[in-house]
Amino acid sequence: MEQEMSKEMTQAWFEENFFDVRKHKPKKGQVLAQFRAAAAFVDGWVKENVVTLLKDNMAGAESAHKVMRNMVGAVEEDAVKVLLEITEDLMAGVDVDTVLQKEYKMIVEYFYWTTRECVPTDDPHWQIITVVEPDDEQVKSKILLPDGSSS
Amino acid sequence: MDKKKKEREKRVRKKTLQQREALRKLRKKPDHDRFAYLSKVKKTPKVKKTDSALVRNNKVLQKMLAEYEAFVKFREENKHKADELYEHTKEEQAKIILEMEGNDGTGDE
């Protein structure tokens with residue numbers, strides 16, 4: 001079964017069936033699938049920019065935090081912890097190149113709109129999140145007032 | 001001349017009223033229920049104007065982490081309240097939330 005699933009999960013199949021919540025709105029019948037895995041923040045243009053922000057920008061912490069959350073996909077706690085670790089290394093006198101080469105461990109999570117059947121059931125990385133009124137074209141929220149009316 | 005004087009007085013009165021209104025808003029009781037976890041944030045070093053970008057960012061990140069940890073702790077401590085909410089209908093939930101926020105729905109706080 002596991003082999004079947006890994007055979008099926010090609011890049012093309014994934015792109016056809018999984019829609020990133022940052023770019024897509026839910027369609028009828030879709031559920032919210034969460035992918036969570038351990039990862040390392042390794043050298044690349046994103047890391048270079050994050051280090052520059054932390055080192056030279058007076059509002060760098062807030063911007064770098066947004067990058068870690070929205071682009072890298074780190075969970076809230078690790079988004080802050082990794083940045084804190086980087087600043088502490090830099091303050092301790094570690095040079096930028098060493099920081100860029102160093103791997104900072106973190107947990108990343110990504111959310112996709114997909115059909116229930118596409119989410120792997122035997123893989124601990126994947127989880128289905130139940131949302132209110134998932135069959136609606138758009139997930140709507142209502143504020144109900146005590147008198148029964150809604151806004 | 002009289003007209004000018006009157007206009008000036010009118011402007012001053014308007015400005016005073018605006019200032020009083022701004023002060024009244026400032027004195028208004030903060031929303032303690034919703035941000036109660038912020039009172040539990042452990043002390044973090046204060047950011048100074050003379051700090052370099054790196055030092056400032058480090059202090060800000062320490063504060064962010066402390067706030068997040070306090071929030072997680074607060075959420076754990078109050079988890080039962082959230083669970084209890086699901087046992088009620090939506091109307092009852094709205095009433096409970098308003099009561100928790102110190103508002104009984106009558107408009108009087």
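This is a predicted model: local features need pLDDT of at least 70, side-chain atom pairs count only at pLDDT 80 or more; totals for chains, interfaces and linings use all residues.
The side chain of Lys59(B) meets that of Asp51(B) in a salt bridge, with N and O 2.8 Å apart. Asp51(B) is also buried, since its relative accessibility is 13%.

Now let us turn to where the chains meet. Asn57(B) sits in helix 2 of chain B, which covers residues 53–77. With a relative accessibility of 0%, Asn57(B) counts as buried. What does Asn57(B) touch, leaving aside residues up to four places away in sequence? The list is made up of Leu53(A), Leu54(A), Asn57(A), Met58(A), Ala59(A), Gly60(A) and Ala61(A).

Chain B brings 19 residues to it, and chain A brings 23 residues. The size of an interface is often given as the accessible area lost when the parts come together. Here the area buried between chain B and chain A is about 2,000 Å², and carbon and sulfur atoms give 74% of that. Eight residue pairs are in polar contact between chain B and chain A, counting pairs with both residues at pLDDT 80 or more. On the side of chain B that touches chain A, helix 2 and helix 4 (90–100) of chain B each supply at least two residues. Helix 2 of chain B gives the most to that side, with 12 residues.

Side chains of opposite charge can pair when their charged atoms come close. How many salt bridges does the rule find across the interface of chain B and chain A? It finds one. Arg56(B) forms a salt bridge with Glu62(A), and their closest N and O atoms are 3.1 Å apart.

Over all chains, the structure holds nine salt bridges. Within chain A, the side chains of Lys55(A) and Asp56(A) pair in this way, at 3.6 Å from N to O. Asp56(A) is partly exposed at 49% relative accessibility, and Lys55(A) is partly exposed as well, with a relative accessible area of 31%. Another salt bridge joins Lys102(A) to Asp89(A), whose closest N and O atoms are 2.8 Å apart. This pair links distant parts of the chain, 13 residues apart: Lys102(A) is in the loop between helix 6 (96–101) and strand 3 (104–114) of chain A, while Asp89(A) is in helix 5 (residues 76–91) of chain A.

Asp89(A) leads us to helix 5 of chain A. Its 16 residues should span 22 Å at 1.5 Å a residue, and the end C-alpha atoms are 23 Å apart, which agrees. Among the buried residues of helix 5 of chain A are Val80(A), Leu83(A), Leu84(A), Thr87(A) and Leu90(A). Their cover includes strand 2, helix 3, helix 4, helix 6 and strand 3 of chain A, together with helix 2 of chain B. Just after helix 5 of chain A, Gly93(A) takes a positive phi of about 100°.

Methods
Residues are numbered from 1 along each chain as its sequence is written. Chains are lettered from A and ligands numbered from 1 in the order in which they are written. Side-chain values use heavy atoms; hydrogens and water are left out. Helices (H or I, at least four residues) and strands (E, at least two) are DSSP runs, numbered from the N terminus. Buried means under 20% relative accessible area, exposed over 50%, partly exposed in between (1.4 Å probe, protein chains only). Contact means heavy atoms within 4.5 Å. Buried area is the accessible area (1.4 Å probe) that two parts lose on being put together, summed over both. A salt bridge is a side-chain nitrogen of Lys or Arg within 4 Å of a carboxyl oxygen of Asp or Glu. A polar contact is a pair of N or O atoms within 3.5 Å; within protein, one must be able to donate a hydrogen and the other to accept it, and residues adjacent in sequence count only if both atoms are side-chain atoms. The expected span of a helix is 1.5 Å times one less than its number of residues.
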